[in-house]
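Here are my notes on the model you sent over. Have it open next to you while you read, and start with the sheet.

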Amino acid sequence: MKRIAVVRSIGFLALLLTSRLIHAQNTGDPDRPYKNQQPHGKWTIWSDSLKTKIESTGKYRNGKERGTWRYFSPTGQLLKKEHYRAKFIQTRYYHENGKRKSSGKARLTMEEEYIHYFVDGKWKEFDSRGKRIATVWYNKGEEIRREDR
């Protein structure tokens with residue numbers, strides 16, 4: 001069951017990353033700042049061509065995500081926050097009511113032909129009221145230990 005949830009999350013993240021990479025390749029958009037033909041500065045990624053629905057917001061520095069990125073549902077609800085650090089991404093998911101759903105570290109590696117995003121280390125899971133219900137440890141996306149509360 002947990003494995004399915006992680007795979008779904010990773011699939012969702014792959015979709016977001018793919019759309020961000022497609023947008024990042026569009027150097028002809030005057031609303032997007034570039035430096036040396038790489039995304040740079042504050043960005044807003046729109047999920048529609050009319051720019052009425054924000055998909056994500058954040059900053060790039062020389063083509064790489066930096067600082068805090070926020071991801072939104074089509075209805076505008078905050079789904080996830082990622083804070084990019086030097087060697088990992090501090091990640092937090094949210095329930096529909098805005099309470100924290102889970103939080104922990106993730107890693108992003110870029111191979112020659114693909115991007116690999118995986119959860120890593122200690123993750124905390126919370127119920128819809130914000131009460132911690134479990135702590136889970138991962139090693140490169142594989143669940144290695146779980147402690148339910």
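1. The thing to look at is an open sheet of 9 strands in the order β3-β4-β5-β6-β7-β8-β9-β10-β11, with antiparallel pairing. Strands here are DSSP runs (E, at least two residues), numbered from the N terminus, and two of them pair if DSSP finds at least two bridges between them. At the edges stand β3 and β11 (142-148), each with a single partner strand, so one side of each has no neighbour in the sheet. From one strand to the next the twist averages 20°, with axes taken as lines fitted to C-alpha atoms and angles running from 0 to 180 degrees between N-to-C directions.

2. A word on ground rules: this is a predicted model, so local features need pLDDT of at least 70 and side-chain atom pairs count only at pLDDT 80 or more, while totals for chains, interfaces and linings use all residues. Residues are numbered from 1 along each chain as its sequence is written, and side-chain values use heavy atoms, with hydrogens and water left out.

3. Inside the sheet, β7 pairs with β8 (residues 100-110) in the antiparallel sense over 6 bridges. Tyrosine 93 sits opposite serine 102 of β8.

4. Now the largest nonpolar core, which has 14 residues. Such a core is a set of buried Ala, Val, Leu, Ile, Met, Phe, Trp, Tyr and Cys residues joined through side-chain atoms within 4.5 Å. Among those with the most contacts inside it are Trp43, Trp69, Ile89 and Tyr117. Two or more residues each come from β3 (41-46), β5 (64-72), β7 (89-94), β9 (115-126) and β10 (132-139). The largest share, 3 residues, is from β9.

5. Is threonine 91 buried or exposed? Threonine 91, in strand β7, is buried at a relative accessible area of 1% (buried is under 20%, exposed over 50%, partly exposed in between, with a 1.4 Å probe and protein chains only). Its side chain reaches the backbone oxygen of isoleucine 89 at 3.3 Å. The side chain of threonine 91 also makes a polar contact with that of tyrosine 117 (3.5 Å); the term covers N or O atoms within 3.5 Å, within protein one able to donate a hydrogen and the other to accept it, and residues adjacent in sequence count only if both atoms are side-chain atoms.

6. Two loop residues deserve a glance. Glutamine 37, between β1 (34-35) and β2 (38-39), has a positive phi of about 60° although it is not a glycine, and is exposed at 72% relative accessible area. Asparagine 62, between β4 (54-61) and β5, has a positive phi near 55° and is partly exposed at 38%.

Note on methods: Helices (H or I, at least four residues) and strands (E, at least two) are DSSP runs, numbered from the N terminus.
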